[in-house]
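Subject: Structure for you to look at

Hello,

Here is the structure I promised to pass on. Please open it beside this email and follow along.

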Amino acid sequence: MAEFKTVCQLSELKEGEGKCVVVAGKIIALFREGDQVRAIDDACPHMGFSLAGGAVEDGIVTCPLHAWRFRLADGSWLSSPRVKVACYPVQIVGEEVQVSPEPENAS
Ligand code: FES
């Protein structure tokens with residue numbers, strides 16, 4: 001089982017804005033939802049644009065390039081839920097945001 005790595009402080013994450021971090025060589029986008037943090041692959045499965053720069057509303061991030069929309073909770077593409085971006089486990093320890101590089105929705 002992969003270990004959790006500290007990637008930032010919770011206070012560095014703002015509602016509605018993504019943040020890119022690198023964990024075990026993977027570029028992961030973090031999104032804050034209240035006291036919870038979601039972690040998904042940063043690369044959009046369409047053409048690889050950074051999802052961290054996308055607008056977030058109601059738990060959905062919209063890719064800035066062609067507006068594909070993904071649910072942060074499970075990585076699913078709203079237009080076809082069989083297409084997913086990887087989601088990663090997050091734990092918050094005190095103020096530290098920790099991410100595991102093992103996807104939790106891998107098939
Ligand atoms: S690159 Fe994300 S929708 Fe096209």
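Start with Asp58. (A residue is buried with 20 or more other C-beta atoms within 10 Å of its own, exposed with 12 or fewer, and partly exposed in between; C-beta atoms are placed from the backbone.) Asp58 sits in the loop between β5 (55-57) and β6 (60-62). Its phi is positive, at about 55 degrees, although Asp58 is not a glycine.

Two notes before we go on. This is a predicted model: local features need pLDDT of at least 70, side-chain atom pairs count only at pLDDT 80 or more, and totals for chains, interfaces and linings use all residues. Residues are numbered from 1 along each chain as its sequence is written.

**Overall picture**

The protein has zero helices and eleven strands. (Both are DSSP runs numbered from the N terminus: helices are H or I with at least four residues, strands are E with at least two.) Along the sequence the pattern reads β-β-β-β-β-β-β-β-β-β-β.

How does the radius of gyration fit a compact globule? For 107 residues, such a globule would have a radius near 13 Å; the protein has 13 Å, so the two agree. (The radius is taken over C-alpha atoms, and the globule rule is 2.2 Å times the number of residues to the power 0.38.) The C-alpha atoms fill a box of roughly 35 × 30 × 20 Å along the principal axes. Buried residues make up 28% of the 107 residues.

Now look at contacts. (Two residues are in contact if their C-beta atoms, placed from the backbone, lie within 7 Å.) Take those between residues at least 6 apart in sequence: 42% join residues at least 24 apart.

**The three-stranded sheet**

Find β1, β11 and β10. They form an open sheet in the order β1-β11-β10, with antiparallel pairing. (Two strands pair if DSSP finds at least two bridges between them.) Which strands stand at the edges? They are β1 (5-9) and β10 (90-93); each has a single partner strand, so one side of each is left without a neighbour in the sheet. Neighbouring strands here are turned by 35 degrees against each other on average, direction ignored. (Axes are lines fitted to C-alpha atoms, for helices over the stretch in contact; angles run from 0 to 180 degrees between N-to-C directions.)

Four antiparallel bridges join β1 to β11. In this pairing, Cys8 has Val97 of β11 as its bridge partner.

In β11, Val97 and Val99 are on the covered face, while Glu96 and Gln98 are on the uncovered one.

**A second hairpin and the core**

β3 (residues 26-33) pairs with β4 (residues 36-41) over six antiparallel bridges. Ile28 has Asp41 of β4 as its bridge partner. This hairpin also has two residues between its strands, and Gly34 takes a positive phi near 65 degrees.

The largest nonpolar core has 22 residues. (Such a core is a set of buried Ala, Val, Leu, Ile, Met, Phe, Trp, Tyr and Cys residues joined through C-beta atoms within 7 Å.) Ile28, Ala29, Leu30, Ala39, Ile40, Leu51 and Val99 touch the most other members. β3, β4 and β11 each supply at least two residues. β3 gives the most, with four. Leaving aside neighbours within four places in sequence, the contacts of Ile28 include Val21, Val23, Tyr88 and Val99.

**Two more residues**

Ala24 lies in the loop between β2 (18-23) and β3. It is exposed, because it has 12 C-beta neighbours inside 10 Å. Its phi is positive, about 50 degrees, although Ala24 is not a glycine.

Pro101 is in the segment after β11. Is it exposed, partly exposed or buried? With 18 other C-beta atoms within 10 Å, Pro101 is partly exposed. Not counting residues up to four places away in sequence, Pro101 touches Ala2, Val23, Ala24, Lys26 and Tyr88.

Best wishes

Technical notes
Pairing = 2+ DSSP bridges.
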